[in-house]
Amino acid sequence: MIKVYLFLIIMGVIGGVGYGGYMYYKDTQERIAILTENNAKLEVAAQLQEETINTMIEDVQRNSKLNKELQKELQIAEGYGDQLRATLQKHNLTHLANKKPGLIERKMQNATNRLWDDLADITNPNGVQPNTTGKGSDGNKSGENGNTDSSKTKASPAK
Amino acid sequence: MVKTEIPIVARPKQVQLNDIKIYVVSKLNYAEFIKSYEKKNGADSYIALSVKDYENLSLNFAELRRYIEQQKQIIVYYEKAIVPKKKGTENGKVQ
């Protein structure tokens, strides 16, 4: 009889240990599955975050580059007026007009025509944008003072 | 990141400017000017500008030109800034 009880006790212990082991295994597997899922989510989130950061860095670099280009173009656009002011200060237009009205008239006319052309070019929707620079410089002198031949020529006539 | 794509609109049409004729008149060519002007325009009335005012007019046009050009460059800047970036990567992976 004792043997039977002992057997039952041993079997109970073994069964308990087995059940405990099984439950532990099951619980561990569930935890592993959850942790694996969490890990995958975190990896995706981390990747997204990294991509977002990279995108932001690229945007900043791109905007910085564009801004530099814009500042350069804005500065170039100042060229026409600056050159014109310099030319008008350098030459006495009144004196030149008194002495050589025909010459000055021709140069003014040419410069004015060129200015109209420049304005038409600038506002041309299909026009080449970057070259406004070169034109601008020339246009300035010529535009104001008048020679068709070159900016310098124009400048001279003006004054 | 979701970005709103803004369509780029067409630019306004090019300006079409009318030609103008400038006369520079001094004592040297005044008589000749009156004669040729009347012959060409049929009248001897005209609008005169002093040299100083001509200079100011030139400077005003230069200022307008600067403004147009800078405004245009700013538009170009915005147009470049809103261009959507390529979505694919080197691996062909879509972000």
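This is a predicted model: local features need pLDDT of at least 70, side-chain atom pairs count only at pLDDT 80 or more; totals for chains, interfaces and linings use all residues.
Reader: What should I know before reading the model?

Author: Local features need pLDDT of at least 70 and side-chain atom pairs count only at pLDDT 80 or more, while totals for chains, interfaces and linings use all residues. Residues are numbered from 1 along each chain as its sequence is written, and chains are lettered from A and ligands numbered from 1 in the order in which they are written.

Reader: How many helices and strands does chain A have?

Author: Helices (H or I, at least four residues) and strands (E, at least two) are DSSP runs, numbered from the N terminus. Chain A has 6 helices and 0 strands.

Reader: At what angle do H2(A) and H2(B) pack?

Author: Axes are lines fitted to C-alpha atoms, for helices over the stretch in contact, and angles run from 0 to 180 degrees between N-to-C directions. Helix H2 (residues 79-90) of chain A and helix H2 (residues 51-81) of chain B pack at about 165 degrees, with axes 9 Å apart.

Reader: Which word describes that arrangement of H2(A) and H2(B)?

Author: Angles under 35 degrees count as roughly parallel, over 145 as roughly antiparallel, 65 to 115 as roughly perpendicular and the rest as oblique. H2(A) and H2(B) are therefore roughly antiparallel. Residues making this contact include A:Leu84 and A:Leu88 of H2(A) and B:Leu59 and B:Ala62 of H2(B).

Notes: Two residues are in contact if their C-beta atoms, placed from the backbone, lie within 7 Å.
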